[in-house]
Amino acid sequence: MKQELDDALVRDFPNLYADRKSDQSPFYWGFECGDGWEPLLRKLSAEIEAIIVSMPEKERKKYRVKQVKEKFGTLRFYMGIAHDGIRAAIDRAEQESAVTCECCGKPGSSGSVGGWLSVLCDEHRAERQKKKR
Ligand SMILES: [Zn+2]
């Protein structure tokens, strides 16, 4: 993901993404997915950040993102611990990623280009296929 989008998410959701610069965390590598998923990540982050902020201060630091990446074409959003409300929000976002172009955020579908599964709109799938040739 573009640096400026990454920076903005980390700035806007400081509890959830507190480990972004920690070299002890796999999240040190940032958001390992395309820019097209930024809106769904932002929506998900807002939901979880609101839950975290409603907790007692000493509880908050348990709820941090460990890793965000694309795997087998869809979003994976890992936290150290989560509870049912957070887990449900993550499930919704991961399902949404399966029909959202990772490049631009338009409706897309999962398919393989050159052996890699990714979710892309028609336009970006055509572009990827052209590059492979
Ligand atoms: Zn696209």
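What arrangement do the 4 donor atoms around the zinc ion make? In this predicted model, the angles subtended by the donors run from 102 to 114°, which makes the arrangement tetrahedral. Four donors are counted as tetrahedral if all angles lie between 85 and 135 degrees. Residue numbers start from 1 along each chain as its sequence is written. Because the model is predicted, local features need pLDDT of at least 70 and side-chain atom pairs count only at pLDDT 80 or more, whereas totals for chains, interfaces and linings use all residues; side-chain values use heavy atoms, with hydrogens and water left out.

The ligands of the zinc ion are Cys 101 (SG), Cys 104 (SG), Cys 121 (SG) and His 124 (ND1), at 2.0 to 2.3 Å. Donors are taken as N, O and S atoms within 2.8 Å of the metal (3.2 Å for Na, K and Ca), and since water is not among the atoms, sites may look incomplete. Along the chain, the spacing of the donors is C-x2-C-x16-C-x2-H. Helices (H or I, at least four residues) and strands (E, at least two) are DSSP runs, numbered from the N terminus. Cys 101 is buried, with a relative accessible area of 0%, and His 124 is likewise buried, at 15%. Buried denotes under 20% relative accessible area, exposed over 50%, and partly exposed the range in between (1.4 Å probe, protein chains only).

The largest nonpolar core holds 25 residues, of which Leu 16, Tyr 17, Ile 48, Val 65, Val 68, Phe 77 and Met 79 touch the most other members. Such a core is a set of buried Ala, Val, Leu, Ile, Met, Phe, Trp, Tyr and Cys residues joined through side-chain atoms within 4.5 Å. Two or more residues are given to this core by each of α2 (38–53), β2 (65–71), β3 (74–79) and α4, and α2 supplies the largest share, 5 residues. Tyr 17 touches Leu 9, Val 10, Phe 27, Phe 31, Leu 41, Ser 45, Val 65 and Phe 77, when residues up to four places away in sequence are not counted. Contact here means heavy atoms within 4.5 Å. Val 65, in strand β2, is buried at 0% relative accessibility. Leaving aside neighbours within four places in sequence, Val 65 is in contact with Leu 16, Tyr 17, Asp 19, Ser 25, Phe 27, Phe 77, Tyr 78 and Met 79. Val 65 and Ala 82, 17 residues apart in sequence, have a C-alpha to C-alpha distance of 9.7 Å.

Helix α2 packs against two other helices, as described below for α4 and α1. The axes of α2 and α4 come within 10 Å and cross at roughly 180°, and the two helices are therefore roughly antiparallel to each other. Axes are lines fitted to C-alpha atoms, for helices over the stretch in contact, and angles run from 0 to 180 degrees between N-to-C directions. Angles under 35 degrees count as roughly parallel, over 145 as roughly antiparallel, 65 to 115 as roughly perpendicular and the rest as oblique. On the α2 side, Leu 40, Lys 43, Leu 44, Glu 47, Ile 48 and Ile 51 meet Gly 85, Ile 86, Ala 89, Ile 90, Arg 92, Ala 93, Glu 96 and Ser 97 of α4. Lys 43 is partly exposed, at 47% relative accessibility. Between Lys 43 and Ala 93, 50 residues apart in sequence, the C-alpha to C-alpha distance is 8.4 Å.

Helix α1 (residues 3–12) packs on α2 at an angle of about 10°, with the axes 11 Å apart; α1 and α2 are therefore roughly parallel to each other. Leu 5, Ala 8, Leu 9 and Asp 12 of α1 make this contact with Glu 38, Arg 42 and Ser 45 of α2. Ser 45 is buried, with a relative accessible area of 0%. Beyond four places in sequence, Ser 45 touches Leu 9, Phe 13, Leu 16 and Tyr 17.

Phe 72 lies in the loop between β2 and β3 and has a positive phi of about 50° although it is not a glycine. Most residues other than glycine have a negative phi. Phe 72 is exposed, with a relative accessible area of 59%.

Note on methods
Four donors count as tetrahedral if all angles lie between 85 and 135 degrees; four count as square planar and six as octahedral if opposite donors are over 155 degrees apart and all others between 65 and 115; anything else is irregular.
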